[in-house]
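Welcome! Let's walk through a protein together, one topic at a time.

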Amino acid sequence: MYLVKFSLLATIAALATGCVTQQGCPGVQSTDRMICAVNHDPDISLRQIESLADQAARERTALVHFFGNDIGPVTVSVRDKGNAFHKPPSTIHIPSRLIRKSHAITAHEITHLLTQGWASRVLKEGLAVYAQQRFGEQQGWPNYRHTVHAAARRWMSDNPVAIRTLGDAETALRNAQPGETARKLAAYSFAGSWVMWILDVKLNGDVTRFMSQLYRSGDYESALKQTGKSLEREWRAFIGLKT
Ligand SMILES: [Zn+2]
């Protein structure tokens, strides 16, 4: 009884101080105990999982600070299949091929967990691509060794997949099929560059304003006092495309 009470009090105290760590992790915990990495691929070593857990923990800390929002401990699940994805409230999945290639985009997926409640897929994926470039320790989807602006410029200039406008990117992010990799790369690159430009240039890095006035409403005219079309023209010129 007293033990139960003590444990409850300890939990309440931990919650109050914002220091909730993970209980009963069935895998490898990061040093700060905020990431639990669970490996389902026997070809990935314990050392690789420990390294992934600590990488994700450092990124989680930076992202929590940046967004001013915390969702507590995060589970990172590793399997030898599929693509990276997130499952709210607190799980991300990283395929082991990305770990082998050092393309583990944990910051991208943790960003999705921290920024639920989006108004458009361009804003949702663009913000995750932006955060991966800014806070991610590994390069990866969709811009790899390029900056997101360079990746967008490349896809928009040589555009075999017809992603030319915000509307095209939104549609592609919604309905691209598994085999349409180029179309997805173009749409994610467009979204990442678009969000980076809006957040860093148009809003001078004010992420609180971005989240409260644009991310959750998608209302460009209200948030930026410009139409979407006018913004698109300005963004194209900014990244060096013909307007
Ligand atoms: Zn994503």
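Here is a short tour of the domains, a strand and the core.

This is a predicted model: local features need pLDDT of at least 70, side-chain atom pairs count only at pLDDT 80 or more, and totals for chains, interfaces and linings use all residues. Residues are numbered from 1 along each chain as its sequence is written.

**Two domains**

- The protein is divided into domain 1 (21–114) and domain 2 (121–238), with bounds that come from an automatic or database domain assignment.
- The centres of domain 1 and domain 2, taken over C-alpha atoms, are separated by 24 Å.
- In domain 1, 17 residues are in contact with 14 residues of domain 2; contact means that the C-beta atoms of two residues, placed from the backbone, lie within 7 Å.
- On the side of domain 1 that touches domain 2, helix H2 (residues 46–67) gives the largest share, seven residues. Helices (H or I, at least four residues) and strands (E, at least two) are DSSP runs, numbered from the N terminus.
- That side of domain 1 has eight nonpolar, seven polar and two charged residues. Here Ala, Val, Leu, Ile, Met, Phe, Trp, Tyr, Cys and Pro count as nonpolar, Asp, Glu, Lys and Arg as charged, and the others, Gly among them, as polar.

- Strand E2 (residues 35–39) runs parallel to E3, joined by five bridges; two strands pair if DSSP finds at least two bridges between them.
- Asparagine 39 has valine 78 of E3 as its bridge partner.
- E3 also pairs with strand E5 (residues 91–95) in the parallel sense, over five bridges, and threonine 75 has threonine 91 of E5 as its bridge partner.

**The largest nonpolar core**

- Among the 58 residues of the largest nonpolar core, Val76, Phe190 and Ala191 touch the most other members. Such a core is a set of buried Ala, Val, Leu, Ile, Met, Phe, Trp, Tyr and Cys residues joined through C-beta atoms within 7 Å.
- Helix H8 (residues 181–202) provides the largest share of this core, 12 residues.
- Why does this core lie between domain 1 and domain 2? It lies there because both domains give residues to it.
- Not counting residues up to four places away in sequence, phenylalanine 190 touches Ala152, Trp155, Met156, Ile163 and Ala169.

Notes: A residue is buried if 20 or more other C-beta atoms lie within 10 Å of its own, exposed if 12 or fewer, and partly exposed in between; C-beta atoms are placed from the backbone.
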